[in-house]
Structures are given as C-alpha cells and as structure tokens.
Amino acid sequence: MKVLTISLVIALCIGVSIFFWVIPKRVDRTHNFVYADSAPLADPANVALHGRLLIADLHADSLLWDRNLNVRNSAGHVDVPRLIEGNVALEGFSVVTKTPRGLNIDSNAANSDNITLLSIAQRWPRATWSSLLQRALYQAQRLHEFAQHSNGALTIIKTRADLSSYLARRRENRKLTAGWLALEGAHALEGNIGNLDVLFDAGFRVMAPAHLFDSEFGGSASGVDKGGLTQLGRDWVKRMEDRRMIIDLAHASSRTLDDVLAIATRPIIVSHTGVKGTCDNNRNLTDAQLRRIAQNGGLIGVGFWETATCGRDVAAIVKAIRYTADVAGIDAVALGSDWDGYVATPIDASQLARVTDGLVRNGFSEPQIEKIMGGNAIRLLSQLLP
C-alpha cells in the first residue's frame, strides 16, 4: 500500500509538471510556427531598401504565450530581438482574453473558453482565471514589464507625443522597437462601458467590438447571429472616440462593420484580415468593404496566415496586398501579420525583408512600399492617438 501511495504521488507530480511546464509550450510551438520555405532569399538590393524603411505591423498576439519577449525565442514569431532584426519599428501587441473551444471562422458560440485553462497552466494570477478584464490587465502589465527590463530596446506608445519622441530616437538608433496595446474583443469590458477607462489607463489604445464570437457590443464574422451593433455597442463607439481610442473591425460581422462606419467620426482599422478577391471565405473582406474602409480614411492590415491569403508563402501575402491596393488605394494598405495568433505563417518578424522583396518584384514603387510597410500606419497613429 505504501508503494502504491508513493507511485500515485509521483504520477500526480509528473502530471502537474506536464500541465504547467510542458503543455502550454507545446501548444505554442505546434500552432505558432513558420512554414518551411523553399523560396530564394531576398535580393540584397531589396534587403537594403528594407533596412531604410520605417516598418509597422498592426497585430501580434505574443503576450498570450509564456515567453520572455526580451530574449530571442525558438518558438513563435515575435520577440524584441527578432523585431529589431527584421527592422520592425512598431508592433501592435494585441491581447486575447477568450476563445471558444472548437474555434472556426464560420460559427462560434460564446459559452466556452480556452483561455481559462491556458491562464491556469501558464501560472497567471488567480484573478485572471475567471475575469476577462483581469486577463487584459495582466497581459498589459506583462508588456510594461518587458519594456522596463529591455534596457531601452522596447518602448510602449500611448500618445502622439510618445510616438514622435520614439521616432526621433529611432532615427539615431535603429536597434530599437516599440509597440502599442490593443484588445481583441470588447467582451473584456465585462458588459461595463466604464471599464473602458480602466483599460485606457492600463495603456490600451485599440479595441475591437467582438472577437471570435458575438459580444454584448456587436456581432462577429465568426459568431452565431452575426448581428450589428447593439445599443451598448453604439455607446461603446462614442466612448472610444471620446477617449481617442482606435476602433478595430478585424473580426466584425458585416452588419457590425457597416453600423460602425455609419456612425464613426474617425478612421477605423482592420488590423489583420484577408480579402475575398484572393481568398474567398467568411473571415475576409469584400471589395465593397475595402472601399468603405478606405473612404473612412481607415487602414486594412493584410494578414500573413493561410486563412487570410489562401497560401503558405510570401507570394500569397504580396498577392493580397496588391489586390487590396488596387481596390482600396495604396493609402489604405498596411501589414497585419497576426503573428503568434495560433497560426502558422511563412515568415517570423526577423524575416520581414522577404515581404519588401516580394513587393519590389510585384512592381510596387519605393514610395508605395514605404506606405505599405509602415508609412500609412504611422500616419494614422500620429493622427488618432491621444
């Protein structure tokens, strides 16, 4: 009996160790990876062009995973060393607080949650196990801690003044990067508009009304009902604009997108998406939506993953960028990788010169490439931030 008890204790200890130390990292590695790429490396002249650009990517979910972003990781797509190596000046660090089990791009209910187990397994504070708001605040705290311990390599952007100061410093030192905080889904407000001020104070400057399921604020393209803005959602739009926060419609249903654009007085972004013109599925934008977003003065962040592009190589990304530019205009195009978003991509942050190379080969001019790779995003941030 004593031997059996010891064996059970050992088995329990092994099980606990696997749950806390093995499974989260395995989920990260098996989903956030880079496809094997047989394409040639970028032309040296195009690499040199890439090194002269100011580059901004609108969306990465790196804060969700148990990685120190101040060191180079073998897993995932983004960390400070790889951002600097890829000459990424600005990254949108998005925060995920809830995803449904069996998630897909067509229809997800809101009555299940993968992040509860992930938060426990990654040893997040107990308050995060049951509160979406606390999950958002904890991930924001992580980014601030990474910045504090980066020896100046990572800056968090909250205001136009922050952005201007950072860009001035970066002109003197290219070995710097920066980012802003974004939120995937207003469900993290827990139904209370007042919590928007709490998140603003924590540094969030971008927020979406819904993520992978319908929320109290509006429908998701991947939700069950896919409805439009609710009255609470309309109140949310007004509060967002009052606080000079940026509305992100990356996962919005068609009705929610139309409703927001009908009442918005400021440009919006779609931080990470594909376009139906090159990849026709429920997740991606129609030509009419592309034109409406451009007419609003907004930005379309073209994604890097297969659901966005219907491809597993840089050529598919460039094809989607070309289509978006042709339909919406060059001033509406940006990068929206969705790195570390539970997706595989053809490149990580360190390999971004391959996109610049692809744009050159596709016939884009240097001024057009400057806009796509970051100029448009920096212009909009300079306009919209507090």
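Predicted model: local features only at pLDDT ≥ 70, side-chain atom pairs only at ≥ 80, totals over all residues.
User: How many disulfides does the structure hold, and which residues form a disulfide?

Analyst: In general, a disulfide is a covalent bond between the sulfur atoms of two cysteines. The structure holds one. Its partners are Cys 279 and Cys 310, with sulfur atoms 2.1 Å apart.

User: Where do Cys 279 and Cys 310 lie?

Analyst: Cys 279 belongs to the loop between strand E7 (269–273) and helix H10 (287–295), and Cys 310 to the loop between helix H11 (306–309) and helix H12 (314–328), so the pair ties together parts that are 31 residues apart in sequence.

User: Why is the disulfide of Cys 279 and Cys 310 described as right-handed?

Analyst: The torsion about the S-S bond is about 75°, so the disulfide is right-handed.

User: Is Cys 279 buried or exposed?

Analyst: A residue counts as buried when its relative accessible area is under 20%. Cys 279 has a value of 0% and is therefore buried.

User: Which residues of H10 are buried, and what covers the buried residues?

Analyst: Gln 289, Leu 290 and Ile 293 are buried in H10. They cover an arc of only 105° around the axis, which puts them on the same side of H10. The cover over the buried residues of H10 includes helix H9 (254–263), E7, strand E8 (299–302) and H12. Just after H10, Gly 297 takes a positive phi of about 85°.

User: How many cavities of 30 Å³ or more does the structure hold, and which residues line the largest cavity?

Analyst: A cavity is a space where a probe fits but cannot get out. The structure holds two of 30 Å³ or more. The largest cavity has a volume of about 60 Å³, and its lining includes Leu 58, Trp 180, Val 206 and Ile 246. Helix H14 (residues 366–384) gives the largest share of this lining, three residues. By class, the lining of the largest cavity has nine nonpolar residues, no polar and no charged.

User: What lines the second largest cavity?

Analyst: The second largest cavity holds about 30 Å³ of space. Among its lining residues are Glu 241, Ile 246 and Arg 266. That lining divides into five nonpolar, no polar and two charged residues.

User: How many residues line the largest pocket, and which lie nearest its centre?

Analyst: A pocket, by contrast with a cavity, is open. The largest pocket contains about 730 Å³ of space and is lined by 30 residues, with Thr 99, Leu 103, Asn 114, Gly 341 and Tyr 342 nearest its centre. Helix H1 (2–31) and helix H4 (115–121) each supply at least two lining residues. The lining comprises 17 nonpolar, eight polar and five charged residues.

How values were computed: Residues numbered from 1 in each chain as written. Heavy atoms only, no water. Disulfide = S-S within 2.5 Å. Helix = DSSP H or I, 4+ residues; strand = E, 2+ residues; numbered from the N terminus. Buried < 20%, exposed > 50% of the residue type's maximum accessible area, 1.4 Å probe, protein only. 1 Å grid on protein atoms, 1.4 Å probe; cavity = no way out; pocket = protein on both sides within 12 Å on 5 of 7 lines; lining within 4 Å. Points joined across faces, edges and corners; volume = space filled by probe spheres on them. Nonpolar A, V, L, I, M, F, W, Y, C, P; charged D, E, K, R; others polar. Arc of directions from axis to C-beta. Contact = heavy atoms within 4.5 Å.
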